[in-house]
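Dear colleague,

My notes on what was found in it follow directly after.

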Amino acid sequence: MNELIEELKTKLIKLLDLSSLTPAQLDAQARLVGGELGIDSIDVLEMAVMVEQDYGVVINSQEVGEKVFASVASLAAYIESNRAGGAA
Amino acid sequence: MKQSPVYVAAAGSVSPLGRGLDETEAALRADRAAIGPLEIFSLLHGQPLPVGQVKDLDSSPVPPRAHRLAREAARMVLRGQPEPPDAIVLGCTTGGILTTEELLRKKEHSPDGYRSHGLLSLVEDIANLCRCTGPALTVSTACSSGAVAIALALNLLRTGQARRVLAGGVDSLSRLTYYGFHSLQLVDRNGCRPLDVSRQGLAVAEGAAMLLLTTEQIEQPLACLLGAGLSCDAYHPTAPHPEGKGARAAMQAAIEDAGLAPEDIDYINLHGTGTPDNDLAEARAIAALFASPPQLSSIKGATGHGLAAAGAIEAVVSCLAISRGLVPGTVGCSQPDSAFAFTPEMTCVQRPVRTVLSNSFGFGGNNGSLVFGDLAHKQVRPSSRDAWLAIHGIACLTGKGLLQATFAHLQEGGAAGGCFPDADLAQRLPARLIRRIKRLPRIALLLAGEAQSNTEGQDAPCAVFMGTGWGALSETWDFLQRLESSGEQFSSPTDFVGSVHNSPAGQVAMLLKATAANVTSSGGDYSFEQALLAAQTLLPETGQSAMLLGADEAHAEFTPLLDRSIGAGGLADGGGGLYVNRDREQAKCLARLAYYGRGGGDDLPDRLFAALGGEGYFHRHSVVVFVGVPAAMQAESGPQLERLWQLIGHSLPACRYRDFVGEFASASAVAAVLAAQCIEAGRVPGALIGGADVMLAPESRVLVLGTGQCLTAMEFFCP
């Protein structure tokens with residue numbers, strides 16, 4: 001799980017061009033969307049594409065998206081429990 | 001000048017509803033949904049999504065599908081017309097992209113196949129078809145393009161710059177828009193259900209529609225175009241302002257421009273795309289503006305969303321509502337959302353309609369509303385707009401950097417071509433501001449910020465006008481590459497949002513909080529000239545300032561395919577930014593587009609010469625000329641210049657500015673900034689014109705000429 005969180009941090013910094021941040025500075029529990037980073041609906045869609053392409057996990061409803069992208073930790077948990085061979 | 005109402009003399013529409021006014025009317029009266037599974041290109045996997053497509057259009061790739069749609073609509077409008085229009089304004093978002101997509105897949109490396117990619121090729125094609133020798137202009141403001149094009153045409157007529165204008169919009173289906181809207185999760189898999197409580201999105205569509213607008217007294221016009229209102233949300237790249245603030249401003253401006261009050265509107269043709277956010281924001285805007293909303297409906301459940309064509313198709317439908325007495329239904333809507341303060345018309349009803357408000361909103365928060373009326377409502381709107389704009393702030397970017405660095409290089413006899421490094425560009429802009437945007441919008445933001453600060457204290461402008469020859473190439477290229485490399489499974493929503501031509505101007509609007517008109521033109525080598533013409537035509541006489549921009553980005557792979565002037569000299573890019581208004585007090589310089597002609601006629605130089613004022617002009621003013629000769633246009637430019645020098649009768653100090661700033665479509669924006677700088681300084685550096693410095697007197701003029709496919713003249717002079 002922690003490994004996945006670290007992996008996601010690195011990916012998100014690159015994907016969303018948060019180049020002023022290091023993975024250590026990106027708090028896994030902090031509010032991801034609508035928080036201080038300026039991450040909004042377009043970024044959510046961009047992250048959804050990445051999650052589907054890299055982890056095979058589909059997020060295609062706004063309600064699910066809002067919960068999943070609440071924080072890096074919630075995203076990691078959702079991927080973990082929904083990917084093929086995962087806890088589900 | 002004698003004023004006249006603006007009549008709709010003729011109209012043509014090619015849409016999923018059918019061809020021509022009669023088929024369109026029949027489909028509307030039957031409440032027929034013309035949306036079905038995508039057929040015009042095949043998918044690698046998955047069920048085709050519902051789209052609105054035009055039937056029975058042959059599928060040959062040359063000319064591209066958009067051009068063929070536009071030709072059909074134009075032929076319909078011009079049938080039986082005694083003379084050609086003297087200007088054309090077409091809204092379009094993606095031009096020949098469907099053909100470009102196929103060529104890229106085949107790894108076609110020759111630029112020949114890509115000749116019809118750009119929006120200029122489309123509008124020039126239609127201008128050739130109807131033998132128009134005046135300006136053939138483009139508007140590319142995403143889904144409001146068609147309405148904004150008609151608004152620009154209205155004001156060309158009101159200001160006496162044209163008497164007959166062919167105006168409208170066109171877009172064909174393409175992978176870019178099909179997968180792009182899908183990536184934004186804005187497509188309803190069950191077809192489009194505008195205003196319905198369970199609506200889930202739009203259906204991407206295609207089509208072309210045009211109006212022939214005229215100030216000449218004609219028999220039996222279809223309707224009158226009474227007014228237009230433009231605004232920008234300056235809020236978000238895609239999401240509308242949640243309270244519909246910009247939508248309300250556009251509607252209000254259009255109704256006022258028509259000399260009416262909200263209660264005078266009989267019917268509102270909604271933008272009504274069927275996305276949850278758009279329909280809610282639009283409904284809120286209407287509730288805020290109309291104490292008691294009139295009858296209203298959206299036809300997009302029947303047609304789908306024709307993008308740039310939508311506003312034009314719906315302008316035609318507005319004219320039909322008035323001339324044939326009908327209010328269309330909201331096809332696809334079965335249970336109207338109770339969150340709205342109104343109930344839409346569910347089915348088409350026969351009733352007299354005297355006035356229509358038609359809405360079009362697009363990415364970049366770009367809004368355009370039009371008001372049409374019957375003949376009883378015809379009226380004359382006074383317009384005393386000056387042709388010139390007063391320049392208060394300037395900025396440019398070349399391979400050597402900003403204005404100061406560029407000018408220093410040029411004064412020393414050096415050249416400033418090339419590309420300013422990406423890293424240096426990023427360093428000059430706040431990281432958070434540019435996080436999601438690539439090279440072109442970054443250039444635009446830098447130019448806008450620099451031109452604003454160069455004004456030394458003027459308020460931020462409220463309007464934005466931008467010309468770009470090729471638009472955001474990085475985003476378009478990256479979107480299509482990822483789509484292809486993933487076997488059509490994945491594409492970037494961020495790149496799609498950034499790929500629209502007006503995304504840079506939308507970013508500038510957000511930066512400057514510019515909520516008035518926001519117009520992007522994409523006319524190849526004449527894009528900046530088109531943006532200047534749009535600005536001098538649309539900027540009000542008082543109370544508003546505008547950021548006028550011309551910019552392009554060089555893309556290592558894409559640019560050489562599209563821009564035929566790119567040769568051994570290598571890539572160059574950049575642009576210019578000018579803060580303009582109508583206030584000549586303390587202005588650095590005044591500027592106007594004095595002439596825009598096209599069509600390859602031998603008499604174009606004679607027309608330009610006459611438009612400037614003939615021999616007398618060159619006697620009264622000492623003139624320095626900056627000439628734009630695109631490398632690919634030398635064969636056309638040579639004779640044009642030869643004839644012009646012959647008419648002028650004596651030699652003038654002249655500089656071929658592309659020799660100094662490089663070959664790129666909006667190089668003329670840099671030339672314009674250099675011209676303004678020279679006027680303010682009272683001197684043209686000798687290094688530019690191959691001789692001694694030329695001192696400029698108060699009556700001197702700097703002319704920036706564009707030659708080749710079109711012939712243009714921008715004039716710069718002392719306030």
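I begin with Leu539(B), which sits in the loop that joins α17 (527–538) to β20 (546–552) of chain B; helices (H or I, at least four residues) and strands (E, at least two) are DSSP runs, numbered from the N terminus. Leu539(B) counts as buried because it has 26 C-beta neighbours inside 10 Å. Here, a residue is buried if 20 or more other C-beta atoms lie within 10 Å of its own, exposed if 12 or fewer, and partly exposed in between, with C-beta atoms placed from the backbone. Apart from neighbours within four places in sequence, Leu539(B) is in contact with Leu389(B), Ala463(B), Gln544(B), Ala546(B) and Arg582(B), where contact requires C-beta atoms, placed from the backbone, to lie within 7 Å. The C-alpha atom of Arg582(B), 43 residues away along the chain, is separated from that of Leu539(B) by 8.3 Å.

Two points on conventions apply throughout. This is a predicted model, in which local features need pLDDT of at least 70 and side-chain atom pairs count only at pLDDT 80 or more, whereas totals for chains, interfaces and linings use all residues. Residues are numbered from 1 along each chain as its sequence is written, while chains are lettered from A and ligands numbered from 1 in the order in which they are written.

Helix α4 (residues 119–129) of chain B is largely enclosed by the rest of the structure, because eight of its 11 residues are buried. The buried residues are Leu119(B), Leu120(B), Leu122(B), Val123(B), Glu124(B), Asp125(B), Ile126(B) and Ala127(B). Their cover includes α2 (65–78), β5 (87–91), β6 (136–139), β7 (164–171) and β22 (589–598) of chain B. Leu119(B), in helix α4 of chain B, has 33 C-beta neighbours inside 10 Å and therefore counts as buried. Its contacts, leaving aside neighbours within four places in sequence, are with Cys92(B), Gly95(B), Thr138(B), Ser140(B), Ser522(B) and Gly523(B). Just after α4(B), Arg131(B) adopts a positive phi of about 55°.

Helix α2 of chain B contains Ala73(B), which is buried, with 31 other C-beta atoms within 10 Å. Beyond its neighbours within four places in sequence, Ala73(B) is in contact with Gly12(B), Ser13(B), Val14(B), Gly168(B), Val170(B), Ala208(B), Ala209(B) and Met210(B).

Which residues touch the most other members of the largest nonpolar core? They are Ile88(B), Ile150(B) and Val508(B), in a core of 270 residues; such a core is a set of buried Ala, Val, Leu, Ile, Met, Phe, Trp, Tyr and Cys residues joined through C-beta atoms within 7 Å. Helix α10 (residues 308–324) of chain B supplies the largest share of this core, 12 residues. Not counting residues up to four places away in sequence, Ile88(B) touches Val123(B), Ile126(B), Ala127(B), Cys132(B), Ala136(B), Leu137(B), Val165(B) and Leu166(B).

Turning to helix packing, the axes of helix α6 (residues 175–183) of chain B and helix α14 (residues 473–485) of chain B come within 11 Å and cross at roughly 80°. Axes are lines fitted to C-alpha atoms, for helices over the stretch in contact, with angles from 0 to 180 degrees between N-to-C directions. α6(B) is therefore roughly perpendicular to α14(B), a term that covers 65 to 115 degrees. Arg175(B), Leu176(B), Tyr179(B) and Gly180(B) of α6(B) make this contact with Phe479(B), Leu480(B) and Leu483(B) of α14(B).

Two loop residues of chain B other than glycine deserve mention. Asp56(B), in the loop between β4 (50–52) and α2 of chain B, has a positive phi of about 60° and counts as exposed, with 5 C-beta neighbours inside 10 Å. Gln220(B) lies in the loop between β8 (207–214) and β9 (223–232) of chain B; its phi is near 50°, and Gln220(B) is exposed, with 8 other C-beta atoms within 10 Å.

Finally, the contact between the chains takes 12 residues from chain A and 16 residues from chain B. For chain A, UniProt places the feature "domain: Carrier" at residues 1–83, in an unreviewed entry. That span is 57% helix and 0% strand, and its end C-alpha atoms lie 13 Å apart.

With kind regards

Definitions and conventions
Angles under 35 degrees count as roughly parallel, over 145 as roughly antiparallel, 65 to 115 as roughly perpendicular and the rest as oblique. Two residues are in contact if their C-beta atoms, placed from the backbone, lie within 7 Å. UniProt positions are given in the numbering used here, feature names are shortened, and annotations may be inferred rather than shown by experiment.
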